[in-house]
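Subject: Structure for your files

Hello,

Here is the structure I promised to pass on. My notes on it follow below.

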Amino acid sequence: MDGHAYQLEPITAAPDGAVKLALQFTEKPVALGELKITGKYVQRLVLSGGPYLVLLDQPAGTVKIPTGSYNQPKIRLEQNGSAALCNSDQSQFGRQISVNDKTPAVLNVAGR
């Protein structure tokens with residue numbers, strides 16, 4: 001959330017003794033690396049299949065994300081009211097993005 005990493009923990013008991021399901025967000029420090037996103041019109045980028053679930057809204061240029069290898073990028077492109085979705089687990093099986101704290105990773109995506 002807004003440049004922060006959180007661990008989610010389920011909470012099942014409410015103070016009144018009733019059983020309710022909720023999630024507790026606990027902020028956790030993480031090592032960050034750079035991801036350079038080429039192209040334009042990226043509305044949302046979701047990186048999963050790695051150590052974290054990374055959600056980026058309107059990322060442009062270079063962004064900092066938790067280090068690790070992510071193997072299922074999902075990208076939503078939007079321009080002038082038209083949208084397209086690129087779901088790598090369907091169209092680009094095996095694509096992997098590795099982010100470390102030394103060298104920027106590059107994701108080639110979107111229009112020009």
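Which residues in the largest nonpolar core touch the most other members? They are Leu35, Ile37, Leu45, Leu47, Ile65 and Ile97, out of 16 residues in that core. The core is a set of buried Ala, Val, Leu, Ile, Met, Phe, Trp, Tyr and Cys residues joined through side-chain atoms within 4.5 Å. Buried means under 20% relative accessible area, exposed means over 50%, and partly exposed is in between (1.4 Å probe, protein chains only).

Before the rest, two notes on the source. This is a predicted model, in which local features need pLDDT of at least 70 and side-chain atom pairs count only at pLDDT 80 or more, while totals for chains, interfaces and linings use all residues. Residues are numbered from 1 along each chain as its sequence is written, and side-chain values use heavy atoms, with hydrogens and water left out.

Overall layout

Helices (H or I, at least four residues) and strands (E, at least two) are DSSP runs, numbered from the N terminus. Of the 112 residues in the protein chain, 25% are buried. Among contacts (heavy atoms within 4.5 Å) with a separation of 6 or more, 50% join residues 24 or more positions apart.

At least two residues of the core come from each of β3 (32–38), β4, β5, β6 (61–66), β10 (97–99) and β11 (105–108). β4 gives the largest share, three residues. Leu47 touches Leu35, Tyr52, Leu53, Val54, Ile65, Tyr70, Pro73 and Ile97, leaving out residues up to four places away in sequence.

Ile75 sits in strand β8 (residues 74–79) and is buried, at 0% relative accessibility. Beyond four places in sequence, the contacts of Ile75 are Val42, Arg44, Leu45, Ala84, Leu85, Cys86 and Val109.

Ser48 is in the loop between β4 (42–47) and β5 (54–57). Ser48 is buried as well, with a relative accessible area of 14%. With neighbours within four places left aside, Ser48 contacts Leu53, Tyr70, Asn71, Gln72 and Lys74.

The surface

One aromatic pair turns up in a search of the whole structure. The ring centres of Tyr6 and Phe25 are 6.0 Å apart and the planes are at 80°, so the pair is edge-to-face. Rings of Phe, Tyr and Trp (its six-membered ring) pair if their centres lie within 6.5 Å; planes under 30 degrees apart count as stacked, over 60 as edge-to-face and the rest as tilted. Tyr6 is in strand β1 (residues 6–13) and Phe25 in strand β2 (residues 19–27), so the pair ties together parts 19 residues apart in sequence. Tyr6 is partly exposed at 31%, and Phe25 is partly exposed at 45%.

Tyr6 and Phe25 also belong to a nonpolar surface patch with Leu8 and Leu23, with about 380 Å² of accessible area together. Leu23 is in strand β2 and is exposed, at 51% relative accessibility.

Regards

Definitions and conventions:
Patch = residues over 30% accessible without salt bridge, like charges linked within 9 Å, V, L, I, M, F, W, Y side chains within 5 Å. Areas by Shrake-Rupley, 256 points an atom, 1.4 Å probe, with all protein chains shown as cover. Salt bridge = Lys/Arg side-chain N within 4 Å of Asp/Glu carboxyl O.
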